[in-house]
Amino acid sequence: MIPPNSLRDQIYSLTKPIHDRLDGDPDSVRAIQPTATRDDFVHLLKRTYGFVKPVEEALVAQNKILAPVFKFEPRAEIVLEDLRVLGVKVAGLPVMSSTPTIETVGHAMGVAYVLEGSKMGGLVIAKQVSRFLGIESRFFLPGEPKSVVKEFQAFCAKLDVFARCECDERDAVDAAIETFTLIDAWFVATRQRR
Ligand code: HEM
């Protein structure tokens, strides 16, 4: 249950249309269906790496702003490990060229919300891929599902109290929307199915 009128609630509502589009992305949907192939999942991992890597780098570059509020742990290397386990060469994978603006703690928390929240979708993806392809993804299932959910709830609790001014909240909203928008454009640019 999302606390009504919380910052998380606002961001959730404002980004829901874009999240729904990402959810319905035909390549991603394909990779978690009973008819999925190993190549469908490899494609999903590559596209995931393509946005996770640059967005994480942008966030880590501003870690001194973020660290007092939230300890962020980058995970792009784990996507590469998943790919290597599947026998895929990972040198020179394409990545998204634009990254969100991160100049304030509000921006940093908005970007972190998108990356941390995406672990919720990861749980769904990990379950389907395990069931239909017999592949155990370390990236999409980074721990016990219950603890992954708890960690995201802990992040949301921080999101709801970190702001010292309305400007922090506004920056978080703007950065989350910008991050989702860039990822949406990346998914469109790298789509194989129309
Ligand atoms: C196949 C692709 C995806 C599926 C199936 C999926 C599914 C889900 C599910 C089931 C939830 C939890 C329930 C909910 O809050 O609606 C969730 C939450 C979330 N997902 Fe996704 N998702 C996908 C892709 C993505 C991507 C690519 C991103 C962005 C990087 C993303 C960002 C988020 C965020 C930020 C939340 C947290 C929403 C909140 O509770 O505040 N998701 N997703």
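L59 touches L66, F72, I102, A108, V111 and A112, leaving aside residues up to four places away in sequence. Here, two residues touch, or are in contact, if their C-beta atoms, placed from the backbone, lie within 7 Å.

Before going on, a word about what you're looking at. This is a predicted model, in which local features need pLDDT of at least 70, side-chain atom pairs count only at pLDDT 80 or more, and totals for chains, interfaces and linings use all residues. Residues are numbered from 1 along each chain as its sequence is written.

**The core**

L59 turns up again in the largest nonpolar core, which has 42 residues: L59, A108, M109, V111 and A112 touch the most other members. A nonpolar core is a set of buried Ala, Val, Leu, Ile, Met, Phe, Trp, Tyr and Cys residues joined through C-beta atoms within 7 Å. A residue is buried if 20 or more other C-beta atoms lie within 10 Å of its own, exposed if 12 or fewer, and partly exposed in between, with C-beta atoms placed from the backbone. The elements that give two or more residues to this core are α1, α3 (38–61), α5 (76–85), α6, α7 (145–159) and α8. Of these, α6 gives the most, with 11 residues. Helices (H or I, at least four residues) and strands (E, at least two) are DSSP runs, numbered from the N terminus. In soluble globular proteins, nonpolar side chains tend to be buried together.

**Around the ligand**

Which residues come nearest to the ligand? Of the 15 around it, they are S28, G117, S118, M120 and G121. A residue is near a molecule or strand if its C-beta atom, placed from the backbone, lies within 6 Å of it. The largest share, 8 residues, comes from α6. Sorted by class, the shell has 8 nonpolar, 5 polar and 2 charged residues. For that sorting, Ala, Val, Leu, Ile, Met, Phe, Trp, Tyr, Cys and Pro count as nonpolar, Asp, Glu, Lys and Arg as charged, and the others, Gly among them, as polar.

**Two helices side by side**

Now take α1 and helix α8 (residues 166–189): their axes come within 10 Å and cross at roughly 10 degrees. So α1 and α8 are roughly parallel to each other. Angles under 35 degrees count as roughly parallel, over 145 as roughly antiparallel, 65 to 115 as roughly perpendicular and the rest as oblique. The contact includes L7, I11 and L14 from α1, and A172, V173 and F180 from α8. By class, this contact has 12 nonpolar, 4 polar and 3 charged residues.

**Some single residues**

A58 sits in helix α3. Is A58 exposed, partly exposed or buried? With 18 other C-beta atoms within 10 Å, A58 is partly exposed. Leaving out residues up to four places away in sequence, A58 touches T99, P100 and I102.

A154 lies in helix α7 and is exposed, with 12 other C-beta atoms within 10 Å. E73 is in the loop between α4 (63–66) and α5, and its 11 C-beta neighbours inside 10 Å make it count as exposed. G92 is in the loop between α5 and α6, and G92 counts as exposed as well, with 6 C-beta neighbours inside 10 Å.

| Pair | Apart in sequence | C-alpha to C-alpha |
|---|---|---|
| A58 and M96 | 38 residues | 12 Å |
| E73 and W186 | 113 residues | 23 Å |
| G92 and G110 | 18 residues | 28 Å |
| A154 and A36 | 118 residues | 33 Å |

Notes
Axes are lines fitted to C-alpha atoms, for helices over the stretch in contact, and angles run from 0 to 180 degrees between N-to-C directions.
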